[in-house]
Every structure is written in C-alpha cells, then in structure tokens.
Amino acid sequence: MAHEIHAEMVANVLNVVAREGDTLVEGDTVVILESMKMEIPVLTEENGTLTRLAVKEGDVVQEHDLIAVVE
C-alpha cells in the first residue's frame, strides 16, 4: 500500500535528500523544508521505495501539498 507524504505547513523546499527509486527505512529524511529561517526535515513513516517525488529544490509547498509517495 502506498504511503503519501504531505507538507504540514507553507515552506520552501530547501534540499531534496532522497531520489526516486531509493529504498527508505522509517525515519529517513526525504526532503528538508525551510520556513521562517528554520530547517524542517520531512521523514518517511514507512519502509519502502520512493516511487514518486512531487517537489524539487526551490519549490514552495502549501499545507497538505504532496511531497512524495513511498510504496
């Protein structure tokens, strides 16, 4: 079953850490967001393969925007 990772706040995508096809373990960082000069790591909550990365560095995400899908 696919696990979708969504933004929890409005932020800039500062750094994309994981790439499509990467095998992830629960707690791995997928991207790092920046909001109000704070860096916020976005972590996966499931083990699996990153099958879709919906953002790139420099993007602005809104609350609830899709960041990635792990299957």
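Predicted model: local features only at pLDDT ≥ 70, side-chain atom pairs only at ≥ 80, totals over all residues.
The sheet comes first: 4 strands form an open sheet in the order S5-S4-S2-S7, with antiparallel pairing. Strands here are DSSP runs of E, at least two residues in length and numbered from the N terminus, and two strands pair if DSSP finds at least two bridges between them. At the edges stand strand S5 (38–43) and strand S7 (60–61), each with a single partner strand, so one side of each has no neighbour in the sheet.

Residues are numbered from 1 along each chain as its sequence is written, and side-chain values use heavy atoms, with hydrogens and water left out.

Within the sheet, strand S2 (residues 11–16) and strand S4 (residues 29–35) run antiparallel and are joined by 4 bridges. Val16 has Val31 as its bridge partner in S4.

Strand S4 also contains Ser35. Is Ser35 buried or exposed? Ser35 has a relative accessible area of 15% and is therefore buried; with a 1.4 Å probe and protein chains only, buried means under 20%, exposed over 50%, and partly exposed in between. Leaving aside residues up to four places away in sequence, Ser35 touches Met9, Val10, Ala11 and Ile40, where contact means heavy atoms within 4.5 Å. A polar atom of the Ser35 side chain lies 3.3 Å from the backbone oxygen of Val10. Between Ser35 and Thr23, 12 residues apart along the chain, the C-alpha separation is 27 Å.

I turn now to Asp65, in the loop between S7 and strand S8 (66–70). Asp65 counts as partly exposed because its relative accessibility is 30%. Its contacts, again not counting residues up to four places away in sequence, are Ile5, His6, Ala7 and Val60. Asp65 and Ala54 lie 11 residues apart in sequence, and their C-alpha atoms are 9.0 Å apart.

How many salt bridges does a search of the whole structure find? The search finds 1, the criterion being a side-chain nitrogen of Lys or Arg within 4 Å of a carboxyl oxygen of Asp or Glu. Asp59 forms a salt bridge with Lys56, and the closest N and O atoms are 3.0 Å apart. Lys56 counts as exposed, at 53% relative accessibility.

Definitions and conventions. Polar contact = N/O pair within 3.5 Å; in protein donor to acceptor, adjacent residues only side chain to side chain.
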